[in-house]
Amino acid sequence: MRLAELVEVSDAVAGTRSRKRKLDLLAGALGDLDADELDAGVSFLSGEPRQDRLELGPTAVRETTAPASTDPSLGVVEVDHALQAIADVPPGDGSRTRRRELLAALLTRATPTEQAWLRSLVLRELRQGALEGLLVQAIAKAGGIDDAPVRRAAMLTGDLRRTAAMTLTGGGRELEQVRLEIGTALQPMLAASSPDLDHALEGRDEVCLEAKLDGARLQVHRDGDEVRVFTRNLHEVTDRLPEVVEAVRSLPASTLVLDGEAIGLDGDGRPLPFQETMQRFGREDAGAVGPQRLHPRFFDVLHAEGEDVFDRPLRERLVVLATQVSADLRVDQLVTADGAQSRDFVQRTLVSGHEGVMVKDLDAPYEAGRRGSAWRKVKPVHTLDLVVLAVEWGSGRRRGWLSNLHLGARVDDGEGFVMLGKTFKGLTDETLAWQTEQLLAREVERDGHVVHVRPELVVEIALDGVVRSPRYPGGLALRFARVRGYRPDKDPADADTLATVRAIHEGTWLPTA
């Protein structure tokens, strides 16, 4: 297949909002690929090169210029070979220059349209809407088979290219033979959101409730003494988490695949802020635990003692989990059909400092890589009435409007406000126009693009929680703050205090709604 044909499909997929049209385009392109083009073609259609690392950053890619060709002669395999040559450049003096030379040589053979597409491909910035779930369906359609075995094989191998080859060159006969491979990470099963507990429980009798930890998702594979740890994005972090490796090695099963979280805890067993947990994932010094020791907490099992269990219903997997993983390494869970027990569990979980609960269907298998109704997450949305202390001029589409709000809570006693963070989310064009007029009327001084205003306007802010932050004088910052609306019915004296913000952070304040 010529690259120009694949680029045309890619652009068409990006240009349509119709899922059916995307599916037809992708299936058609996959069906036109030769066997030796599948690896590269599937990668390109998914929006990224086949090579893990090309060591070409945005500046290098955008500053590498080359005259464009008028002849769309490049083939898919030729492009893949050129990218592989870039990936194969050994590190050292002159390596950056050599990579840019090879990129320029490739771009010289590309038309202007192909050049633009290749730059986006190299930078993994192709926003063409060909998500993995859609590609799985497209592979199945191109192969003329049901998508269930294709989805299962993609889940177990973690390799869409290999799955496509089995489907399109082997008639799909190999798909049913695929088994979970210990050491090969699977896409995690994902949860849909529910606005409240009643919505999550609707239509269900007995469910599994579990604490939703604000930690880092982990998948851990054990084969004898070998333990490998993967993140939600399937990156291996084994060397960075020796305490997780040690904990899993202490378990009785010789082969295990577990799903769970790693979380930092304080001396009282309360969760540390999410950013403190994530600091460990940025450390390159293998084996160094330091003060941010992370604690694994597992909530599911996919394989145990030589047997795959991910196809079993959750109620059976929970039995296996309890057998293989000690209680101190499991997430707090409750199986119940009682509404009062469910509400008590939620309150207990929130008071413990966790961000919410999961509600899970006991009859559902583990569907890796899928986000469906079998798992529901319920995170109480906190709201605060805060005062606008300053605002920043917007950019891009918001140029000419005051946009990014600086938000403050009242001090606990006396007068004054303490800044907690900024947000521009949730603002409609109508609100932007209104607040620009209102805030300019309250302007007291300017500092570059920041307009400081009299603290007179109260705005209702929704947030997912509060985290510790040295950036602000109160030592706390809002997490995922967004505007619900201005409150002209409230005066600044009615705004929430720093004590309320502190209670949200400590888990001692619960929302009433």
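A: Helix H8 passes helix H10 in a right-handed crossing, meaning that the near helix is turned clockwise from the far one by less than a right angle. The model is predicted: local features need pLDDT of at least 70 and side-chain atom pairs pLDDT 80 or more, whereas totals for chains, interfaces and linings use all residues. Residues are numbered from 1 along each chain as its sequence is written, and side-chain values use heavy atoms, with hydrogens and water left out.

Two packed helices are described by the angle between their axes and the distance between the axes. Here H8 (residues 132-143) and H10 (residues 160-169) pack at about 15°, and their axes are 9 Å apart. That angle makes H8 roughly parallel to H10, a class for angles under 35 degrees. Axes are fitted to C-alpha atoms over the stretch in contact, and angles run from 0 to 180 degrees between N-to-C directions. Helices are DSSP runs of H or I with at least four residues, and strands are E runs of at least two.

On the H8 side, Glu132, Leu135, Val136, Ile139, Ala142 and Gly143 meet Leu160, Ala164, Thr167 and Leu168 of H10, contact being heavy atoms within 4.5 Å. By class, the contact of H8 with H10 comprises seven nonpolar, two polar and one charged residues. In this scheme Ala, Val, Leu, Ile, Met, Phe, Trp, Tyr, Cys and Pro are nonpolar, Asp, Glu, Lys and Arg are charged, and the others, including Gly, are polar.

Elsewhere, the structure holds four aromatic pairs. The ring centres of Phe44 and Trp117 are 5.9 Å apart with planes at 80°, so this pair is edge-to-face; pairing requires centres within 6.5 Å, and edge-to-face requires planes over 60 degrees apart. Phe44 belongs to helix H3 (residues 38-45) and Trp117 to helix H7 (residues 112-122), so that the pair links distant parts of the chain, 73 residues apart. Phe44 and Trp117 are buried, that is, under 20% relative accessible area with a 1.4 Å probe, protein chains only.

Finally, Thr383 lies in strand S11 (residues 382-393). Thr383 is partly exposed, at a relative accessible area of 24%, this class lying between buried and exposed, the latter being over 50%. Thr383 and Ala462 are 79 residues apart in sequence but 4.4 Å apart in space, C-alpha to C-alpha.

Notes:
Angles under 35 degrees count as roughly parallel, over 145 as roughly antiparallel, 65 to 115 as roughly perpendicular and the rest as oblique. Rings of Phe, Tyr and Trp (its six-membered ring) pair if their centres lie within 6.5 Å; planes under 30 degrees apart count as stacked, over 60 as edge-to-face and the rest as tilted.
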